[in-house]
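Visitor: I am new to this structure. Please show me how to read it, one feature at a time.

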Amino acid sequence: MKTLTTFPRISEFEKAVEILKTGKYPYLEIHPYPYYSKVGVSSLATTLEGRSAIQENQTVITSGWIDYRPIESQIPKNKPNDFAEDLFGNAAIMVLSVCVADENKIRLIAHISGNLSPAFPYMNSEMPQAAFNIDGPTFFYMDQYRMITLYSNRIAVAKADDLLDGWRILEKIRCTANEIWARRSMITPSSELRKKPPALEIYFRLPRTNCRQCEEKTCMALALKLWTGNAQPGACKPIFTGEYQHLKDAFLQVCHGLGYFAGDSTDD
Ligand code: SF4
């Protein structure tokens, strides 16, 4: 198998399977159930010839094509969680392509049948490293290196590992938004506009000596970890206890914009 696609609807998947069967092209079905059944549609891996047969038929709507790589992770065997109030509904990936920033990753845009925007002010309170823009409304955050932007009824994910990782992220968003929404009576909603400084802004406030005292290979690696919330500002020893303490105030200022506060400046 060389190439992989998913579909906006199961009926499109079924049409594509018929074309491959009729033309006797080899194919592999990849199903999202049970655990990702609310966020995924059955998908197909096939050969380049099989892909051409589907595309030339012109009656099948696909979400896009990416290179097929065997997927190593497993879909959890349990059913997806149910929520008494479900803001998310179901999702379908409408756009699937190689990530512009990294050709080994994928990007996707999914449409959802629900509306996430009522949960954004509560998510904004609970997720201090996210960037919320109430005028969009949009809600941006990182899941490790993956970049996630939530709109009312649309989700954009960049730098997902593969299709299964995309489904996993969508399911996680579904659960997170609904769980926070279920607890909303205990959360003070926040419409604070947080614009996250870009990772380069953090990098420019580091000593940029690549001394590795933070146990990262480069200052840029630490900047990216800080940006994604996977490190503490105090990891850069030269700024706090060494010869670069003159950078401390400006560095802490930019870290504050990421949601780090004074007590976060040490990693002990
Ligand atoms: S400790 Fe600071 S200066 Fe050294 S590599 Fe890490 S970020 Fe760069």
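This is a predicted model: local features need pLDDT of at least 70, side-chain atom pairs count only at pLDDT 80 or more; totals for chains, interfaces and linings use all residues.

Visitor: Where is tyrosine 203 found?

Guide: Look in helix 5, residues 199–203.

Visitor: Which residues does tyrosine 203 contact, leaving aside neighbours within four places in sequence?

Guide: Cys219, Met220 and Ala223. Compare alanine 221: 18 residues from tyrosine 203 in sequence, and 8.8 Å away in space, C-alpha to C-alpha.

Visitor: How is the protein chain divided into domains?

Guide: The assignment gives domain 1 (3–186) and domain 2 (199–264). Their centres, taken over C-alpha atoms, are separated by 33 Å. Domain 1 gives 5 residues to the contact, and domain 2 gives 6. On the domain 1 side, 3 are nonpolar, 2 are polar and none is charged.

Visitor: Which residues touch the most other members of the largest nonpolar core?

Guide: The general idea first. In soluble globular proteins, nonpolar side chains tend to be buried together. Here the largest core has 60 residues, and those touching the most other members are Ala119, Met123, Ile155, Leu170, Ala177 and Leu222. Helix 4 (residues 163–182) supplies the largest share, 8 residues.

Visitor: What is leucine 222 in contact with, beyond its neighbours within four places in sequence?

Guide: Leu206, Cys214, Glu216, Ala231, Ala235 and Cys236.

Conventions. Residues are numbered from 1 along each chain as its sequence is written. Domain bounds come from an automatic or database domain assignment. Two residues are in contact if their C-beta atoms, placed from the backbone, lie within 7 Å. Ala, Val, Leu, Ile, Met, Phe, Trp, Tyr, Cys and Pro count as nonpolar, Asp, Glu, Lys and Arg as charged, and the others, Gly among them, as polar. A nonpolar core is a set of buried Ala, Val, Leu, Ile, Met, Phe, Trp, Tyr and Cys residues joined through C-beta atoms within 7 Å. A residue is buried if 20 or more other C-beta atoms lie within 10 Å of its own, exposed if 12 or fewer, and partly exposed in between; C-beta atoms are placed from the backbone. Helices (H or I, at least four residues) and strands (E, at least two) are DSSP runs, numbered from the N terminus.
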